[in-house]
Amino acid sequence: MDRTSLIRKAATPGDAYRNPVLENVSTAAFQDESEFVARSVFPTIAGGATGKYYEIDTDSIAQNKAAKRAPGDEAAEGTWNLSTTAYATEQLGYREKIPEELLSSTGSAARADTVATMSVAEVMLIASEVDWASRFFKTGVWARDMAGAASNVADTSYIYWSTPTTSTPINDVLAERIGMKLRGKRFPNVMIIGQAVEPYLLTHPTIIARVNSGQTPGQGADPTLNDLAKFFKVPKVIVASAVYNSAAENKTKSNAFILDSKSVWLGYVAPNPATMTPTAGYRFVDQELSGNAAGVRNWRYWDQPKRSWYVEGAVDDTYKLVSSSLGVFLGGIVA
């Protein structure tokens with residue numbers, strides 16, 4: 001046995017001196033804000049904490065109610081229906097404490113106040129993402145639910161897109177596109193795909209074949225999200241790649257994608273909120289309290305008794321389903 005393996009000794013000041021914390025490098029796996037979809041999918045409307053908006057029943061307007069009119073007779077008469085829907089914003093908040101000792105000891109490589117600011121921002125994004133996912137990225141919400149399966153069943157399932165030889169993702173999406181036009185009078189303009197769905201689409205034979213037709217000579221086909229948007233005729237394709245740790249504090253981590261990684265949402269959202277404009281949903285923001293149209297606030301303040309700084313964030317908003325006819329959920333579309 002190597003005798004050096006038996007040597008044991010405690011750390012000494014000399015050890016600390018020989019192994020100082022580097023001041024020009026640190027590591028952190030913060031996520032990019034673009035990986036979160038909740039605050040960007042539904043258009044945002046800034047207003048008060050509570051309010052109402054009008055809903056016009058366009059199904060009655062879409063009926064063929066005109067009729068031939070004989071001379072001297074009155075024209076056919078009809079009407080359209082108007083109702084109001086209420087909303088109420090809620091506030092999410094989170095803060096982190098930075099003792100003055102921690103701030104002075106971490107140095108320039110890991111400024112505690114900078115880390116806390118980024119940490120608070122990510123926690124708030126995660127909270128919004130979890131809220132949106134639990135309410136809208138699931139079955140039973142939208143007018144149309146379809147599932148991935150081993151075989152096609154009308155109005156129930158499509159063949160798993162992860163089955164390259166028999167699945168037809170382009171045809172499936174184009175069929176849902178037509179269906180949404182019939183139900184909600186709009187073609188979808190946004191497609192959110194789970195992270196596990198993306199590689200199957202980007203390597204699917206039907207996608208590769210179409211890219212091959214227009215690829216640069218001498219280069220391999222390399223489909224992009226822009227290609228998917230073009231083939232699916234959906235202007236915006238987003239990959240939901242935000243991750244969170246569902247474990248309790250100081251417990252073994254349990255990382256997962258926030259939105260179901262094997263599912264897809266297809267919908268129409270108003271590019272710009274306006275009167276008499278249809279949309280799958282809205283994000284309402286309390287601008288009066290937050291002081292801005294995004295509904296997001298951040299503070300840094302000093303607590304003298306604790307001799308600590310606090311970094312705090314808050315979001316004053318709510319997500320509202322407006323028209324279930326303008327959304328389709330494809331649950332478990334890959335195996």
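Modeller: The account below begins with the chain and then turns to helix 6 and its pairing.

This is a predicted model, in which local features need pLDDT of at least 70 and side-chain atom pairs count only at pLDDT 80 or more, while totals for chains, interfaces and linings use all residues. Residues are numbered from 1 along each chain as its sequence is written, and side-chain values use heavy atoms, with hydrogens and water left out.

The chain holds 10 helices and 15 strands; helices (H or I, at least four residues) and strands (E, at least two) are DSSP runs, numbered from the N terminus. Of its 335 residues, 36% count as buried, where buried means under 20% relative accessible area, exposed over 50%, and partly exposed in between (1.4 Å probe, protein chains only).

Helix 6 covers residues 169-184, 16 residues in total. From its first C-alpha to its last it reaches 22 Å, close to the 22 Å expected at 1.5 Å a residue; the expected span is 1.5 Å times one less than the number of residues. Several of its residues are buried, including Pro169, Ile170, Asp172, Val173, Glu176, Arg177 and Met180. An α-helix has 3.6 residues a turn, so residues three or four places apart point the same way. After helix 6 comes Lys185, whose phi is positive, near 65°.

Side chains of opposite charge can pair when their charged atoms come close. A salt bridge is a side-chain nitrogen of Lys or Arg within 4 Å of a carboxyl oxygen of Asp or Glu, and by this rule the count comes to 9. One of them joins Glu176 to Arg144, with the closest N and O atoms 2.9 Å apart. Because Arg144 lies in strand 5 (residues 144-149) and Glu176 in helix 6, the pair ties together parts that are 32 residues apart in sequence. Glu176 counts as buried because its relative accessibility is 2%, and Arg144 counts as buried at 16%.

Asp316 is buried at 2% relative accessibility, and Arg297 is buried with a relative accessible area of 16%.
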